[in-house]
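Biologist: I'm new to this one, so could you walk me through it once it's on the screen? I'd like to start with the charged side chains and then move on to the ligand.
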Amino acid sequence: MTRWLITGAGGMLGRDLCRLLAAGHVPVLPLTRHDLDLTDERAVGCALHRARPAVVVNCAAWTDVDAAESAEERALRVNGEAVRVLARACAATGARLLHVSTDYVFPGHAGPPYPEDAEPGPRTAYGRTKLAGERAVLAELPRAGTVVRTAWLYGPYGRNFVRTMAERAAGDGVVHVVDDQYGQPTATADVARRLMALGRGPLRPGVFHATAGGHTTWYELAREVFRLAGADPERVRPTDSGALGRPAPRPAWSVLGHDRWQTAGLPRPRHWRDALHAEFAAVAAGTAGADGTVSIQGGASCAR
Ligand SMILES: NC(=O)c1ccc[n+]([C@@H]2O[C@H](COP(=O)([O-])OP(=O)(O)OC[C@H]3O[C@@H](n4cnc5c(N)ncnc54)[C@H](OP(=O)(O)O)[C@@H]3O)[C@@H](O)[C@H]2O)c1
């Protein structure tokens, strides 16, 4: 059976993907940063030559958007240069690579949803480094490299907006949430299923957008979480991004189009509200349910 190797397997998306692969009895080698630091070129080559996976999914990334503004070179090492090394190792071993990227490659100006082939134009250091990674994958693996952009992730593992709002709903008082940014809240489980569909099917090089259908604001999302938690949504109050004063500007419009799924003969993503309702209990509890425990074990280390 096709073997999968997951980098960044200790992160929010990586853990959920490993859980779903394991639940589907797919042989998977989950590698956390501790098991495989992507910036260690020799270790990356060694891991792939040893494991000989058919599919590699890169869930590892520098994801601290604000910190990247003052540490762009360090972020680029992980999100750009290391991705090129990984893509070359995939080419050398005949693996296909599914590389996870972000809506931050776009400038975020309001308009129609960004199609997969829209011209990128990142406004943040994080976005520039992620775009460098995308370009490396598409250049090194023109037949076997797929970039999967996602956005506004939440899931049962790690800190995320939906979990934080569920916790706030359980307390008292009001919470102020920005209502001037539009996007597509996306469950990690949905991205994982999309990655699994891409990894199992024929090679589909190029770009896919793995975000939920529809769109909303963080404010409306918070209100929906409060409703689901049985709390009064009037406790959520609108504010604007300027009030937060963060180092990296957030895109005002993070709405991505999904036409490529249809062209590839795959179903379009479900609406964000349907996904949130389905996933909420597991996310709020911070557990993926009875089938959900996957022990993260490495084992691809090479003798120095
Ligand atoms: N979260 C979102 O809303 C969102 C939105 C758009 C796109 N994405 C993309 O989705 C992907 C997964 O994000 P996520 O939310 O799961 O992020 P995450 O929870 O921060 O996970 C990223 C993982 O990468 C690991 N990592 C960092 N540097 C590494 C290195 N040099 N070598 C190996 N592993 C390294 C981290 O390990 P440590 O924790 O030990 O540092 C962490 O486990 C990323 O490509 C991200 O850009 C996420």
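Biologist: Is arginine 159 buried or exposed?
Modeller: In this predicted model, arginine 159 has a relative accessibility of 53%, and because anything over 50% is classed as exposed, arginine 159 counts as exposed.
Biologist: And which side chain does arginine 159 meet in a salt bridge?
Modeller: That is glutamate 167, with an N to O distance of 3.1 Å, and glutamate 167 counts as partly exposed at 42% relative accessibility.
Biologist: How many salt bridges does the count come to?
Modeller: The count comes to 16 salt bridges, and one of them joins glutamate 72 to arginine 128, where the closest N and O atoms are 2.9 Å apart.
Biologist: What about aspartate 259, which side chain does it meet?
Modeller: The side chain of aspartate 259 meets that of arginine 268 in a salt bridge of 2.7 Å, N to O. Aspartate 259 counts as partly exposed at 48% relative accessibility, and arginine 268 counts as partly exposed at 40%.
Biologist: Which residues are linked in a network of salt bridges?
Modeller: Such a network links Asp190, Arg193, Arg270 and Glu279.
Biologist: OK, ligand now. How many residues surround it, and which are the closest?
Modeller: The ligand is surrounded by 24 residues, and the closest of these are Arg33, Leu38, Thr63, Tyr126 and Lys130. By type, the shell holds 13 nonpolar residues, seven polar ones and four charged ones.
Biologist: What lies 2.6 Å from an oxygen atom of the ligand?
Modeller: A polar side-chain atom of arginine 33 sits at that distance.
Biologist: How much of the ligand's accessible area does the protein cover?
Modeller: On its own the ligand has 890 Å² of accessible area, and the protein covers 79% of that.
Biologist: And which elements give two or more residues to the shell?
Modeller: Those are helix H1 (12–23), strand E4 (96–102) and helix H5 (125–140), with E4 giving the most, at three residues.

Terms used: Residues are numbered from 1 along each chain as its sequence is written. This is a predicted model: local features need pLDDT of at least 70, side-chain atom pairs count only at pLDDT 80 or more; totals for chains, interfaces and linings use all residues. Side-chain values use heavy atoms; hydrogens and water are left out. A residue is near a molecule or strand if one of its heavy atoms lies within 4 Å of it. A polar contact is a pair of N or O atoms within 3.5 Å; within protein, one must be able to donate a hydrogen and the other to accept it, and residues adjacent in sequence count only if both atoms are side-chain atoms. Accessible areas come from the Shrake-Rupley method with a 1.4 Å probe; for residues, only the protein chains shown count as cover. Helices (H or I, at least four residues) and strands (E, at least two) are DSSP runs, numbered from the N terminus. Ala, Val, Leu, Ile, Met, Phe, Trp, Tyr, Cys and Pro count as nonpolar, Asp, Glu, Lys and Arg as charged, and the others, Gly among them, as polar. A salt bridge is a side-chain nitrogen of Lys or Arg within 4 Å of a carboxyl oxygen of Asp or Glu. Buried means under 20% relative accessible area, exposed over 50%, partly exposed in between (1.4 Å probe, protein chains only).
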